[in-house]
Amino acid sequence: MHDEEALPIGGCVDIGWRLKRSAWGRGFASEAARALLRFGFETIGYEEIVAFTVPGNIPSQKVMTRIGMTHDERGDFEHPKLPEGHAFKRHLLYRMTSDDWQMGTESGYIRAGDKPEHRFT
């Protein structure tokens, strides 16, 4: 969780990933994110989990979409700790609720153990 006063999404549970370049495009972020969503929803019982990235980070946006998260345009925000004009000031917000998770796993769209490079490419 992030400092509640620092971000407009304070109090939310968020997931994120950062991989070295040699690990990009191999499905590791999607696989780990699905495992975290499963743990958060099925073990801990969170009602919602969010993720965010900057507009230029298309690979992370694709991961968020691939794992079943939805872009919440109304939730997009400017990072309050970055100065005006900073290249990473603007952030896009993605969300998933426990109901979304449940529907996705029941329909087979989201499978925490799937290897994304086989199922979603």
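Guide: Buried means under 20% relative accessible area, exposed means over 50%, and partly exposed covers what lies in between, with a 1.4 Å probe and protein chains only. This is a predicted model, in which local features need pLDDT of at least 70 and side-chain atom pairs count only at pLDDT 80 or more, whereas totals for chains, interfaces and linings use all residues. Residues are numbered from 1 along each chain as its sequence is written, and side-chain values use heavy atoms, with hydrogens and water left out.

Visitor: Is arginine 95, then, buried, partly exposed or exposed?

Guide: Arginine 95 counts as partly exposed, because its relative accessibility is 25%.

Visitor: Which side chain does arginine 95 meet in a salt bridge?

Guide: A salt bridge is a side-chain nitrogen of Lys or Arg within 4 Å of a carboxyl oxygen of Asp or Glu, and by this rule the count here comes to four. Arginine 95 meets aspartate 72, at 2.6 Å from N to O. Since arginine 95 lies in strand S4 and aspartate 72 in the loop between strand S2 (70–71) and strand S3 (77–78), the pair ties together parts that are 23 residues apart in sequence; strands here are DSSP runs of E with at least two residues, helices are runs of H or I with at least four, and both are numbered from the N terminus. Aspartate 72 is buried, with a relative accessible area of 16%, and a network of salt bridges links Glu48, Asp72 and Arg95.

Visitor: How far apart in helix H1 are arginine 38 and glutamate 42?

Guide: They are four residues apart, which means a separation of about one helical turn. Their salt bridge has its closest N and O atoms 3.3 Å apart, and both ends are partly exposed, arginine 38 with a relative accessible area of 39% and glutamate 42 at 40% relative accessibility. In the bridge between glutamate 84 and lysine 89, by contrast, where the N to O distance is 3.8 Å, glutamate 84 is exposed at 65%, while lysine 89 counts as buried at 9%.

Visitor: Which residues of helix H2 are buried?

Guide: In H2, which runs over residues 58–66, they are Ser60, Gln61, Val63 and Met64. They lie on the same side of H2 because they cover an arc of only 155 degrees around the axis, the arc being that of the directions from the helix axis to the C-beta atoms. These buried residues pack against helix H1 (28–44), strand S1 (48–53) and strand S4 (90–97). Serine 60, buried at 10% relative accessibility, touches Trp17 and Thr53, not counting residues up to four places away in sequence, where contact means heavy atoms within 4.5 Å.

Visitor: Which residue caps the N-terminal end of H2?

Guide: Asparagine 57 does, with a side-chain oxygen 3.1 Å from the backbone nitrogen of serine 60. Just after H2, glycine 68 takes a positive phi of about 100 degrees.

Visitor: What can be said about the place of leucine 19?

Guide: Leucine 19 sits in the segment before H1 and counts as partly exposed, at 32% relative accessibility.

Definitions and conventions. A polar contact is a pair of N or O atoms within 3.5 Å; within protein, one must be able to donate a hydrogen and the other to accept it, and residues adjacent in sequence count only if both atoms are side-chain atoms.
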